[in-house]
Amino acid sequence: MSFNFSALVRPFTKLVPKVEEPVNPVPFEQKMLWTGVTLFIFLVCCQIPLYGILNSDSADPFYWQRVMMASNKGTLMELGISPIVTSSLVMQLLAGSKIIDFEGEGDESKHLMKTAEKLFGFLITIGQGCAYIFSGMYGEVSDLGFGNAAIILIQLCLAGVMVLLLDELLQSGYGLGSGISLFIATNICETIIWKSFSPTTINSGRGTEFEGAVIALFHLLLTRANKVQALKEAFYRQNLPNLSNLLATVVVFMVVIYLQGFKVDIPVQTQGVRGQRSSYPIKLFYTSNIPIILQTALVSNLYFLSQILYKKFPTNLVIGLLGQWREHTMYGGGHYYPVGGVCYWISQPHGLTEMMSDPLHTLTYLVFVLSTCALFSVTWIKVSGSSPEDVAKQLQEQRMFVPGSRQTKASLMKPLKRYIPTAAAFGGLCIGVLSISADLMGAIGSGTGILLAVNIIHQYYEQWQKEAQQNGMRIPFMG
């Protein structure tokens with residue numbers, strides 16, 4: 001029995017801000033323009049500091065997940081896409097598992113669902129904002145005062161609403177793709193480019209070094225008498241980006257792009273139209289980057305909750321079982337990493353040496369990542385309308401059938417049931433393996449981040465290709 005959420009959400013439909021869908025098709029040039037404007041607003045907000053904070057050097061619960069959550073500490077994008085992703089995840093899972101239901105005529109149920117996601121996302125934004133403030137991230141609450149604390153919370157809430165509307169703007173048809181994907185890909189690519197070409201100098205005890213791997217290569221070759229030793233250091237230096245990391249990143253990019261081409265085409269034909277056949281493609285990455293996004297959202301929220309609780313109650317046994325944290329001096333302080341509890345066992349081992357020295361930690365991390373990616377992938381097809389039953393219903397509504405079989409829903413479901421669940425589970429498993437392999441190789445931006453970036457960029461290219469072809473534009477690299 002499901003709980004009817006319609007009566008609870010309907011009174012808020014007029015109050016919740018929304019972007020109206022375009023009445024007429026938006027030209028391709030305007031879509032590109034709106035996508036660029038959305039990205040520009042996001043990048044500007046990533047550089048605008050929050051007004052009223054006393055310091056931003058305290059512990060950062062989201063440090064290890066900020067790249068994937070498209071957030072930037074101490075700025076308007078402090079929370080990034082975390083509230084909107086978490087609210088969407090929770091609502092989709094509740095609705096897909098029939099725990100809650102949205103009843104309405106026509107598209108009303110869809111609008112009610114979106115309204116519920118926005119409301120829940122706004123509540124999460126308020127909750128996370130309060131947690132950040134009262135945990136002392138911006139200074140002690142007694143020093144901040146009620147006025148400054150309220151101003152900081154208002155800024156975070158307004159920024160959260162803006163992210164939600166920017167995402168809805170693109171998804172409504174005014175731009176390309178979604179704001180969430182655009183922000184994630186931009187943040188990850190920015191990290192990779194910065195760590196490759198950063199001119200920032202750091203003194204790590206071996207003299208002044210450049211942070212960027214490529215710039216460090218030329219600096220070492222010009223300043224070191226022993227060129228072989230300089231090359232070796234450029235490829236294998238510790239605690240800073242090196243050329244091995246950069247090459248690993250390129251390799252992972254190429255492997256993921258190669259695997260994007262793996263798919264099974266199910267032949268379909270339209271009823272009443274002879275000789276006109278098409279196909280329904282089922283890709284290896286059937287659920288795309290959803291498993292990684294959901295797994296990242298789960299881990300980041302768990303890390304956030306654990307760090308906040310451990311800072312307040314470090315001696316509590318139950319909180320210690322959830323996670324124990326220690327400051328990471330390598331990054332100048334202010335960043336913590338798990339050393340015990342559940343958070344430690346599901347955290348990524350840093351480097352091959354750590355993996356070999358603690359094989360049990362490595363095993364639990366592998367099992368956690370692979371199982372959650374596969375589970376989220378299989379679960380997502382059931383709650384997102386992409387299961388064999390949903391796809392068969394969509395094809396039947398379009399009057400399509402599989403040639404050589406009866407023109408029934410059961411005949412459509414037979415090949416779909418054979419491939420879709422397998423593609424979802426195996427694809428999610430492959431994403432987990434690629435993420436772990438990239439981390440093991442030391443790829444810049446983490447394996448999870450690179451997979452997200454490649455999948456998102458590939459999706460954008462496919463959509464741009466489709467839009468451009470419809471507008472009669474020539475597509476580069478397409479012959």
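Visitor: What end-to-end distance does helix α14 have, and what should its 25 residues span?

Guide: This is a predicted model. Helix α14 covers residues 359-383, which is 25 residues. At 1.5 Å a residue, the helix should span 36 Å. The end C-alpha atoms agree with that, as they are 36 Å apart.

Visitor: Which residue just after α14 takes a positive phi?

Guide: Look just past the end of α14. The phi there is about 80 degrees, and the residue is G385.

Visitor: Which residues form the nonpolar patch on the surface, and what is their accessible area together?

Guide: The patch consists of W345, L360, L363 and V367. Helix α14 gives the largest share, three residues. Together the four have an accessible area of about 380 Å².

Visitor: Is L363 buried, exposed or partly exposed?

Guide: L363 sits in helix α14. Its relative accessibility is 48%. Exposed needs over 50% and buried under 20%, so L363 counts as partly exposed.

Visitor: How many aromatic pairs does the structure hold, and what kind is the pair of F42 and F183?

Guide: There are seven aromatic pairs. In F42 and F183, the ring centres are 4.3 Å apart and the planes stand at 10 degrees. Planes under 30 degrees apart count as stacked, so this pair is stacked.

Visitor: Which helices hold F42 and F183, and are the two buried or exposed?

Guide: F42 belongs to helix α2 (residues 28-45) and F183 to helix α6 (residues 179-197). The pair links distant parts of the chain, 141 residues apart. Both F42 and F183 are buried.

Visitor: What kind of aromatic pair do Y303 and W325 form?

Guide: Centre to centre, Y303 and W325 are 5.2 Å apart. Their planes are at 80 degrees. An angle over 60 counts as edge-to-face, so the pair is edge-to-face.

Visitor: Which elements does the pair of Y303 and W325 tie together?

Guide: Y303 is buried, and W325 is buried too. The two are 22 residues apart in sequence. Y303 lies in helix α10 (residues 290-312) and W325 in strand β7 (residues 324-327), so the pair ties together α10 and β7.

Visitor: How far apart in space are N148 and Y51?

Guide: N148 is in helix α5 (residues 141-174). With 23% relative accessibility, N148 counts as partly exposed. N148 and Y51 are 97 residues apart in sequence. C-alpha to C-alpha, their distance in space is 8.1 Å.

Conventions. Residues are numbered from 1 along each chain as its sequence is written. This is a predicted model: local features need pLDDT of at least 70, side-chain atom pairs count only at pLDDT 80 or more; totals for chains, interfaces and linings use all residues. Side-chain values use heavy atoms; hydrogens and water are left out. Helices (H or I, at least four residues) and strands (E, at least two) are DSSP runs, numbered from the N terminus. The expected span of a helix is 1.5 Å times one less than its number of residues. Rings of Phe, Tyr and Trp (its six-membered ring) pair if their centres lie within 6.5 Å; planes under 30 degrees apart count as stacked, over 60 as edge-to-face and the rest as tilted. Buried means under 20% relative accessible area, exposed over 50%, partly exposed in between (1.4 Å probe, protein chains only). Patches are made of residues with over 30% relative accessible area and no salt bridge: like charges are joined within 9 Å, nonpolar side chains (Val, Leu, Ile, Met, Phe, Trp, Tyr) within 5 Å. Accessible areas come from the Shrake-Rupley method with a 1.4 Å probe; for residues, only the protein chains shown count as cover. A salt bridge is a side-chain nitrogen of Lys or Arg within 4 Å of a carboxyl oxygen of Asp or Glu.
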